[in-house]
Amino acid sequence: MVAFLGMGLLGTNFVRAMINKGEKVQVWNRTPSRATALEQYGAIAKNSPADAVKGADRIHLTLKDDASVDEVLAAAAPGLQPGAVIIDHTTTSVEGAIQRTTAWKARGYIYLHAPVFMGPPNALESTGYMLVSGDQAIVGQFSPILATMTGKLLNFGPETGRAAAMKLLGNLFLVAFTTGIADTLTLAKGMHVPVSDLSMLFDNWNPGSMLPTRLKRMTSGNFSSPSWELSMARKDTGLFLQEAKKGGVTLAVIPAVAAEMDRWIQKGHGGDDWTVIAKDSV
């Protein structure tokens, strides 16, 4: 028996995938209708977390944050059977993941944090990425089960909380990437460039392919052989801001980037590769 707490889009499709694989799943959600909606697929909806976990060997969670995880697990505790395993897919703080691992171990349970880079379609299709870390005996024991839920299971080693850290870093990159695209779209609007032209550019030129090489360059510590000098990158950044002002649009991210470039130029790095702005980060 499996219990699943939290029937958002991700949790709902995880449950449907489990049922499709022959699992018997008891579900709970704060808004009951989201749990009962899964009964048509064979799930067993329960009225409380404690009822949902009764008889379950494994409890999965996809909730909002640390506070909701702690609240729901506290409510579920009276129904937990001895030796039950708690697998939490929620994006949480590193500290929260560490604290819960320790606290639930002291109570005789396994808590394993396994956040994901998966959208609802991935959860239904068992594709995408799931992250784990911590006690490697526990990770090894449950990896075969977790591997059935995802396309790839990434084990970041024995440090408890490392999976939580990697999830936050990945999400930070997604936020930065998306806000960069938003600024690009804003400037295109200001310069009266249609989205179709922007799509044509990126259909042919994929800057994402540069990521591994750029990361290596930024962490090498060697910025003395520039492929793009910081002063020239700053000149182009000034043009971005100039065109935005002329077009009557406001860029959200680029002004902060310009300020950071200015800081490094003032420190004497204008002739270095522009990736020198990451020097203090590694």
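Let's start with Gly134 and what it touches. Leaving out residues up to four places away in sequence, Gly134 is in contact with Val139, Gly157, Pro158, Glu159 and Thr160. Contact here means heavy atoms within 4.5 Å. Where does Gly134 sit? It is found in the loop between strand 8 and helix 7. Helices (H or I, at least four residues) and strands (E, at least two) are DSSP runs, numbered from the N terminus. Gly134 and Pro158 are 24 residues apart along the chain, yet their C-alpha atoms are separated by 4.1 Å. Is Gly134 buried or exposed? It counts as buried, because its relative accessibility is 2%. The cut-offs: buried is under 20% relative accessible area, exposed is over 50%, and partly exposed is in between, with a 1.4 Å probe and protein chains only.

A word on the source. This is a predicted model, where local features need pLDDT of at least 70 and side-chain atom pairs count only at pLDDT 80 or more, while totals for chains, interfaces and linings use all residues. Residues are numbered from 1 along each chain as its sequence is written, and side-chain values use heavy atoms, with hydrogens and water left out.

Now the sheet beside that loop. Three strands form an open sheet in the order 7-8-9, and the pairing is mixed. Its edge strands are strand 7 (116-117) and strand 9 (152-155), each pairing on one side only. Two strands pair if DSSP finds at least two bridges between them. Strand 8, residues 129-132, runs parallel to strand 9, with four bridges between them. Helix 7, residues 136-147, lies across strand 8 and strand 9. Helix 7 runs at about 170° to strand 9. For that angle, axes are lines fitted to C-alpha atoms, for helices over the stretch in contact, and angles run from 0 to 180 degrees between N-to-C directions.

What is its strand order? It is 3-2-1-4-5-6, an open sheet of six strands with parallel pairing. Strand 3 (44-45) and strand 6 (110-113) are the edges, and each pairs on one side only. Strand 1, residues 2-5, is joined to strand 4, residues 58-61, by four bridges, and the two run parallel. There, Leu5 has Leu61 as its bridge partner in strand 4. Strand 1 also pairs with strand 2 in the parallel sense, over four bridges. Ala3 stands opposite Gln26 in strand 2. Strand 2, residues 25-28, is covered on both faces. Val25 and Val27 are on one side, Gln26 and Trp28 on the other, and all are buried.

Next, charges. How many salt bridges does the structure hold? Twelve. A salt bridge is a side-chain nitrogen of Lys or Arg within 4 Å of a carboxyl oxygen of Asp or Glu. Take Asp273 and Arg217, whose side chains meet at 3.4 Å, N to O. That pair links distant parts of the chain, 56 residues apart: Asp273 is in the segment after helix 12 (254-266), and Arg217 is in helix 10, residues 211-218. Asp273 counts as buried, at 1% relative accessibility. Arg217 is partly exposed, with a relative accessible area of 22%.

Another salt bridge joins Lys235 and Asp236, at 2.6 Å, N to O. Lys235 is partly exposed, at 41% relative accessible area.

Then Lys246 and Glu243, with their closest N and O atoms 3.6 Å apart. Why about one helical turn between Lys246 and Glu243? Because they are three residues apart in helix 11, residues 230-247. Lys246 is exposed, with a relative accessible area of 60%. Glu243 is partly exposed, at 24%. There is also a network: Asp66, Asp70 and Arg100 are joined by salt bridges that share partners.

Last, the surface. Phe173, Leu174, Phe177, Ile181, Leu185, Val195, Leu211 and Leu215 make a nonpolar patch of about 740 Å². Patches are made of residues with over 30% relative accessible area and no salt bridge: like charges are joined within 9 Å, nonpolar side chains (Val, Leu, Ile, Met, Phe, Trp, Tyr) within 5 Å. Accessible areas come from the Shrake-Rupley method with a 1.4 Å probe, and for residues only the protein chains shown count as cover. Which helix gives the most to the patch? Helix 8, with five residues. Helix 8 (162-190) and helix 10 each supply at least two. Phe173 is found in helix 8, and Phe173 is partly exposed, with a relative accessible area of 42%.
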